[in-house]
Amino acid sequence: MKKDIFNRLENAGEDDMMELMKFTPEFDSETAERLLDRSEQKYRARKKDEAGIRDEYETEISGVETYRRPVWSRALPVAASLVLLAGVAALTGNLLRDRNDPVGPDDPNPPVIAASTEDTTSPTAAAEGTTEATDVTGTGTSAETEETATAAAETVVTAVGQGSGTAASAAVQTVTAAETTKADGTSAVTPSAPETPEEMIDRLGREGYIEDPEYTAIAKDLLTRYENIYRVCCSPEYSYFDFSDSFDVTYNEPGMDGPAERTVTFVRYNDPDFSSYAEIHDCLYKTLVKDQDIYENGIGEWGIGNNIAPGSYIDCNDPFPRTTEYNGKLYANPEHCRNNPENVEYNPPYTEFYLDKPMFIEHEDDGSFSVWVLSKNCNYGQTSIPELNEHPYCFNHVYFIKHNGAWGVYENWVATFDEYVNAMTEHIGIPE
Amino acid sequence: MKDSTNTGIPELHRQLMDQYGRYVYTIIYNKLRSTGTKEDIEECFSDVFADIFTAVDREGAAAAQKLAGTIAKRRAIDYYRRLSGRNLRSADISSEEFEGIRSDISVEEISETNELRSIMLGLIRSLGEPDSTILIQKYYYDRRSADIAEALSMSAAAVRLRSSRALKKLRSLLAEKGIAG
């Protein structure tokens, strides 16, 4: 259950509390007014109570003569109490009514923050040093209603897509009408076969579909750089190798049964976009902004280096660069290269974006945006791994942010076919 | 006291709530999240601020800064005990049964709980923005995607998508640390 893990955040100490406060949402104006109003009511009620008690005390010690307080002043604290009780009763009535009337996404007064709504039993009150079991009764919830709304949205999309998961079964109802002539001589529109998502993608590409040219251009530039980096760092292209120039190193490779030494060959690599470690590092740093501190030494997830030479020994705990610079030239390890003619059954994953296919731009704010973009499924058509063969495309949802004044790639999320179709439908619109 | 808004609410009280409202709410919600309803939490919140207003009357506005957290914690604990006590049978302190009640929470477990909480917050923070905010607001504060989206100037669909991915990432990070998610 997803909320269990967030229960761990409860009963926080001061440091963690300050951390949590950074994420606490601001009150909307309506909620803020309601809370302020209620606080003020309670504050005034307490002041009245205190004033009533003080009056009675001062009266009893005011003199020898017996002082009979006017009936109205004796009744005042009682009246105040009755007003308070009436207010509490009314409030309680409202609260009870609200509990039976769950808030939904269309509620005109949606809650800013809803309390936990699942039945939970948890040993808590660690701070008090006692064991107490809590029994929370769930109420109708905005979360559940939202999930219903989400499901409804998905249902709508599914209705358009007619099922999900496979290219063969999913179909977007982009109906292209074919005019025919009826028996009475009038024209009739006959819907033709519905267009599959792949067909729609190809058609939009042919038609030059483009959203927000400025941001499309930014995305294309960064995605091209991302592609080039991925190629040189992770899956070098077989045809760029010069096998006449190579050298060997010894690698104490980690393994299931412990490290084992073997010979690894680095082969001269003539990449069209990079000729040195410095160029690769510079491009990495400017393109991938999320973990720039990792790229300070060029290693991390992107295996490039400049300290490998013939005869080097790489231990199992040392970074293992897939591409390195030696003697002013780039060398790469061809074991994970793409399009190796000797390995037709399987290509190591690589990223090649289809920048001429439709790209859907989603604006977040002035400093971020995301793009739905297709990339090549490098194993489409391979028979050895059927589960990778479903679509000719991979579906990427790439998130860009502005960092130090320049745009960069923050994250490249590989989405599912259904997620892409949902996005496409939102952008293209559901046909009538 | 000056009321610049003609609502009968002193401007000072409004300022105090603006300044300490989120802090107080964070404390109360943290204590009552699994025990109370939204209404309980708001009732506790208004009790706290009634206390703060009273304290400010006695000691001046500066009292709010040093007392807000303490008042909030105490009220939250009171509400917690009251709400928890709905489901606990009252016991005679002198009864043999009461002697059998013991604390099941050891010092080691408290320390482990605190450590887990800090680890989890650190991992959430490591996801970066806006994912950290989306994750906490959606799954801890149980906020609707539409409200989160409005506050972050995103679409509700984007919030839903990012929240589910961020949750998957968090579970993966927790698993790497040997913590069940």
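A crossing of two helices is called left-handed if the near helix is turned anticlockwise from the far one by less than a right angle, and right-handed if clockwise. This is a predicted model, where local features need pLDDT of at least 70 and side-chain atom pairs count only at pLDDT 80 or more, while totals for chains, interfaces and linings use all residues. Residues are numbered from 1 along each chain as its sequence is written, and side-chain values use heavy atoms, without hydrogens or water.

(Helices, H or I of at least four residues, and strands, E of at least two, are DSSP runs numbered from the N terminus.) H2(A) passes H1(B) in a right-handed crossing. On the H2(A) side, the contact (heavy atoms within 4.5 Å) includes Met17(A) and Leu20(A); on the H1(B) side, Tyr23(B) and Ile27(B) are among the residues involved.

Next, pick Phe6(A), Val24(B), Ile52(B) and Leu170(B): these have the most contacts inside the largest nonpolar core, which has 54 residues. (Such a core is a set of buried Ala, Val, Leu, Ile, Met, Phe, Trp, Tyr and Cys residues joined through side-chain atoms within 4.5 Å; buried means under 20% relative accessible area with a 1.4 Å probe, protein chains only.) H1(B) gives the most to this core, with 10 residues.

Last stop: chain A's open sheet, 6 strands in the order E7-E9-E10-E6-E5-E8 with mixed pairing. (Two strands pair if DSSP finds at least two bridges between them.) Strands E7 (304-305) and E8 (313-314) of chain A each have a single partner strand, so one side of each is left without a neighbour in the sheet.

Terms used:
Chains are lettered from A and ligands numbered from 1 in the order in which they are written. Buried means under 20% relative accessible area, exposed over 50%, partly exposed in between (1.4 Å probe, protein chains only).
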